[in-house]
Amino acid sequence: MDSSAYATLPRVVLENGSGYVKIGMAGNRKPPHVIPNCIGQPKKKASSYYIETHSSANSDEKDRSQSHSVSESSGFVSDSCYTLIEYFCNRPQINSLVYDPDRQRMVWDKYIGRSHLTKKDGLISPGNYLSVIPESTSICLTEANLCPAQSRQLSAEIIFEDFGFPLACFLSSQTASAYFYQNFTPSRAKSDPVLYSYPDSVTLTSRSSPNNSQTSKQEHDQRNNFKDMNLSCCLVVDCGFGSTHAVPFVNGVPIQNAALRTNSGGSQCNSYLKNITAIRSVNLEFNELVVQHMKEESCYVSLDFDLELKAAKRLIKLYGTHLLSHQYILPIYTSKSKTLMSKHFTNYRKTKPPLLNENNEDLIKALVSGEITDIKQLEPTSTISENNTGSNTPNDTNNEDGNDDAREGLKELNELNGEEYERDEDETQYVELFAERFSVPEIIFNPQDIKLNDCGIVELAYRSISLCPPAIQPLLTNNIFICGGTTKFRGFIKRFYKDLRPMIPQEWDIRLYSTDDPMLASFYGARMWTNNDAVFLSSAITRSEYFENGASVIKIKEQPKSKTDYVL
């Protein structure tokens, strides 16, 4: 049966990342569900009391126990790991490639698995979280660029054979990001993404009040400039949890001869931070998601790593740590509510701004050379950082020690939890991070620092541009789209531009683009792709085609339609 016969079916978008799975309905403009892509296996054999008090089977999930009893009997699926104290975090992917189909099936089954009808309040509904029936739903699934046939075969078996989807589209994550960038339309809707550019710091969509005539005129000019941009070529730099990709595109078609990847990403940052905390404060070897949340909340990218590291060493000897340190508050696993634990992992406390920024480099150099003798000369540094980093992070330099910072953080958590659970200061544990805040993300730019045989993300982008035809290289440098969850670090875009600028000829313009949440860029692109009937149906695979030809039919479908697709 032709794919057009399934055009009226509802469509699901599944962005299958190594660290997080992003999933939602194609027709829904709300942000997707973001869940960890992992299976938690308790370190010690769980007793019946432990499972009852610490597992994800709270009052809401007990209604779904019939549909997921098979999955959760062998592990805690996805966000259920939030309630585990010590566990082995087993991920179904390695370097962005599916290698364990059983674990991947368990994660997907919780949200889009075969329908197990459950009765609640007199209503019968599917047992999966999206409330979809796979047998009458089509799906768009993303994978890494140039995904090996074996990995794609594993995903196809789950989609067609285990879940029974009648129609599926397998799309490269980098292709989805490029499609989002090249087809982006500015909008005022709060649920729609925002596109930013650097170094001119232009926001290509505005959500400000339409009553402001000056703002409306500026937004109108930005929309016209965006329409006039040459979007025929772009370079997608995707730095995720398991790998980093640099893929150039011409008219939406990837130049695979110039597409490069490395195996460095957010997972290496997690491992490095885990080792640091084990040596200096607390062993979090068996709590992967706590380390990941600590990294996302506390860390930032330094504009000049060597200079800021020297300044941090000088600062801690002379004045202490309160200008830069951050106390990450560890969760307390005494609550039976999974909802309460999820609040800890899905919200981020305010942190102090970076020590070094574009406006205080001379002051930091004076600190390193020993010219600064009064701490009051440094306190305006954090204020400048706060006003120029584009972050809503306030300055806490009035705190005299780390205890004040911890008390403020505890107050924030208690306000977040409300009356459901209030923590005491005596039972609160925290991990203090100082220079680790900017030394951990440095791995992305210099993997050699921890003896990895991969090049940094900036060098990867430069090599990809160099492999392209000379005629399109200036166009690529003018349209670099940064995406992926690991690029969410504060200061990432500025550091990327600073390191790339000396490598590129001065007469070429460099302009970087990113969204307000780079981790969701490929999901938004896949959703736009799925909502386009002509594009989606032409690249989709029917279940009957899969059973007749196997997974090889997917490779045939993703080939360019004609040679004219490459014409500039």
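Leaving aside neighbours within four places in sequence, which residues is Leu-512 in contact with? Keep that in mind as you start the tour. The model on your screen is predicted.

**Stop 1: Leu-512 and the cores**

Select Leu-512. Setting aside neighbours within four places in sequence, Leu-512 is in contact with Tyr-196, Ser-197, Tyr-198, Ile-480, Ile-493, Phe-496 and Tyr-497. Now widen the view to the largest nonpolar core, which has 54 residues. Leu-512 is among the residues with the most contacts inside this core, together with Val-237, Ile-457, Ile-480, Phe-492 and Phe-496. Colour helix H18, residues 492–500. H18 gives the most to this core, with 5 residues. Then select Tyr-181, Cys-483, Tyr-524 and Ala-526. These belong to a second, separate core of 32 residues. In soluble globular proteins, nonpolar side chains tend to be buried together.

**Stop 2: helix H5**

The buried residues include Ser-173, Ala-178, Tyr-181 and Gln-182. Zoom in on the start of H5. A side-chain oxygen of Ser-172 reaches to within 3.3 Å of the backbone nitrogen of Gln-174 there.

**Stop 3: H5 against H19**

Show the side chains where the two helices meet. From H5 come Ser-173, Thr-175, Ala-176, Ser-177, Tyr-179 and Phe-180. From H19 come Ala-521, Ser-522, Tyr-524, Gly-525, Ala-526, Met-528 and Trp-529.

**Stop 4: Lys-22**

Jump to Lys-22, in strand S2, residues 20–25. Is Lys-22 buried or exposed? Lys-22 counts as buried, because its relative accessibility is 5%, under the 20% cut-off. S2 as a whole is mostly covered, with 5 of its 6 residues buried.

Next, select Leu-520. Lys-22 and Leu-520 are 498 residues apart in sequence, yet their C-alpha atoms are 7.5 Å apart in space. Leu-520 is also one of the residues that Lys-22 touches, beyond those up to four places away in sequence. Others include Met-519, Phe-523, Pro-32 and His-33. Look for a polar atom of the Lys-22 side chain, too. That atom lies 3.1 Å from the backbone oxygen of Tyr-20.

**Stop 5: the strands beside S2**

Show strand S1, residues 11–16. S1 and S2 run antiparallel and are joined by 5 bridges. A hairpin of 3 residues connects S1 to S2. Leu-14 stands opposite Ile-23 in S2.

Now show strand S3, residues 33–36. S2 pairs with S3 over 4 bridges, again in the antiparallel sense. Which residue in S3 does Lys-22 stand opposite? The residue is Val-34. Val-34 is also among the residues that Lys-22 touches.

**Stop 6: an open sheet**

Finish with 3 strands that form an open sheet, ordered S5-S4-S6. Their pairing is antiparallel. Strands S5 (76–77) and S6 (87–90) are the edges, each pairing on one side only. Select strand S4, residues 39–42. There are 2 bridges between S4 and S5. The bridge partner of Ile-39 in S5 is Val-77.

How values were computed: Residues are numbered from 1 along each chain as its sequence is written. This is a predicted model: local features need pLDDT of at least 70, side-chain atom pairs count only at pLDDT 80 or more; totals for chains, interfaces and linings use all residues. Side-chain values use heavy atoms; hydrogens and water are left out. Buried means under 20% relative accessible area, exposed over 50%, partly exposed in between (1.4 Å probe, protein chains only). A polar contact is a pair of N or O atoms within 3.5 Å; within protein, one must be able to donate a hydrogen and the other to accept it, and residues adjacent in sequence count only if both atoms are side-chain atoms. A nonpolar core is a set of buried Ala, Val, Leu, Ile, Met, Phe, Trp, Tyr and Cys residues joined through side-chain atoms within 4.5 Å. Contact means heavy atoms within 4.5 Å. Two strands pair if DSSP finds at least two bridges between them.
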